[in-house]
Amino acid sequence: MTTGAADARERGDLTARWSGGRSPWDLSWGKLMMWLFLISDAMTFAALLVGLWVARLGSPAWPNRLEIMNLQFVAAMTVILICSSTTMALAVYAARQGARRQAVWFLTATIAAGCLFAGMQATEWSHFIREGARLTGNPWGVPAFSFTFFVITGLHGAHVLGGIVYLWIMADRIARGLSSAEGLEIAGLYWGFVDLVWVFIWSSIYLL
Amino acid sequence: MTDGHAGTTAGQPQGLTRLYLIAWLVLVAITAIEVSLLLVFRVPPAVRATALIILAIMKATLIGAYYMGLRFERLAMVYIAVIPLLLLVLMLVAVVPDVTLLLGRH
């Protein structure tokens with residue numbers, strides 16, 4: 001009996017939620033728009049990663065990354081990005097609790113970690129270029145190897161740099177009381193996405 | 001709209017700091033396992049690849065659920081985020097036959 005009543009209530013809720021006049025997602029427009037942007041951005045990265053896998057599986061040989069790249073160094077980059085996502089989530093949480101000062105400190109830590117990641121990526125690129133890798137060719141005889149590396153990590157790096165600027169502006173706005181906790185949460189979605197995409201880039205380019 | 005969002009926030013559990021730190025710990029541990037699968041343990045390539053894919057999916061789920069807050073959103077929102085990714089897997093399956101064509105050329 002209780003289950004039947006609960007089912008009926010749920011059906012009623014669903015009808016009320018989807019019959020128009022209100023957002024069935026219960027999200028603010030800003031948050032929903034950021035989600036839609038991130039999903040379309042995910043499709044861009046997905047296309048590049050699928051391209052990488054088609055090129056790689058279609059190639060008779062693929063260079064051994066362990067001989068060319070420093071895996072421990074890139075693992076450290078990965079951990080730094082994870083740390084930055086954590087401080088970002090903590091910044092959003094602090095802002096929601098009304099602890100503006102704390103939120104700004106966590107944001108500063110996130111920006112610092114982002115800068116460190118970008119700097120390490122620049123070092124990684126320099127090392128790869130010194131080894132002879134170029135966009136159109138490399139000493140290992142598989143041009144698609146360096147092409148996919150530069151394009152995919154480059155696009156991700158551009159997202160990191162864009163994110164640093166975005167978070168910098170948000171830190172300033174939060175410090176001056178111009179942005180709400182939700183504004184910061186939307187920025188947090190973007191930064192979480194940067195980390196999420198790196199999970200697949202790290203796996204596809206360095207690990208698998 | 002902000003009121004609607006505040007309702008969602010109010011529904012979130014308190015003490016998220018602990019949850020975020022646990023997520024951080026798990027993510028770092030998974031990264032350590034990933035690296036050790038290549039540098040420390042000697043495992044057959046197929047097993048290693050399967051493990052790495054599963055670990056990557058676990059990491060992505062943790063980030064999406066906690067750091068991007070999907071765990072606290074309506075299920076309808078989770079569908080928006082997850083369904084395109086399922087379609088992506090279909091796309092990957094669709095382009096695999098092209099790979100065999102490319103291989104045939106070599």
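View 1. Helices (H or I, at least four residues) and strands (E, at least two) are DSSP runs numbered from the N terminus. In the unreviewed UniProt entry, the annotation "transmembrane region" covers both spans, along with 103-122, 142-169 and 189-207 of chain A; such annotations may be inferred rather than shown by experiment, and positions follow the numbering used here. The model is predicted, with local features needing pLDDT of at least 70 and side-chain atom pairs pLDDT 80 or more, while totals for chains, interfaces and linings use all residues. Residues are numbered from 1 along each chain as its sequence is written, chains are lettered from A in the order in which they are written, and side-chain values use heavy atoms, without hydrogens or water.

**View 2. Where chain A meets chain B.** Helix 4 of chain A packs against helix 2 (residues 16-39) of chain B at an angle of about 170 degrees, with axes 10 Å apart. Axes are lines fitted to C-alpha atoms over the stretch in contact, and angles run from 0 to 180 degrees between N-to-C directions. The two helices are therefore roughly antiparallel, a term for angles over 145 degrees.

**View 3. The largest cavity.** A cavity is a set of points on a 1 Å grid over the protein atoms alone where a 1.4 Å probe fits but cannot get out; lining residues have an atom within 4 Å of a point. The largest cavity has a volume of about 160 Å³, meaning the space filled by probe spheres set on the points, which are joined across faces, edges and corners. Its lining has 19 residues, with A:R96, A:E185, B:Y67, B:M68 and B:G69 nearest its centre.

**View 4. The second largest cavity.** This cavity holds about 40 Å³ of space. Its lining residues include A:W62, A:F145 and A:F149. Helix 6 (143-175) of chain A is one of the helices supplying at least two lining residues, and helix 6 gives the most, with three.

Note on methods
On a 1 Å grid over the protein atoms alone, a cavity is a set of points where a 1.4 Å probe fits but cannot get out, and a pocket is an open set with protein on both sides within 12 Å along at least five of seven lines; lining residues have an atom within 4 Å of a point. Angles under 35 degrees count as roughly parallel, over 145 as roughly antiparallel, 65 to 115 as roughly perpendicular and the rest as oblique.
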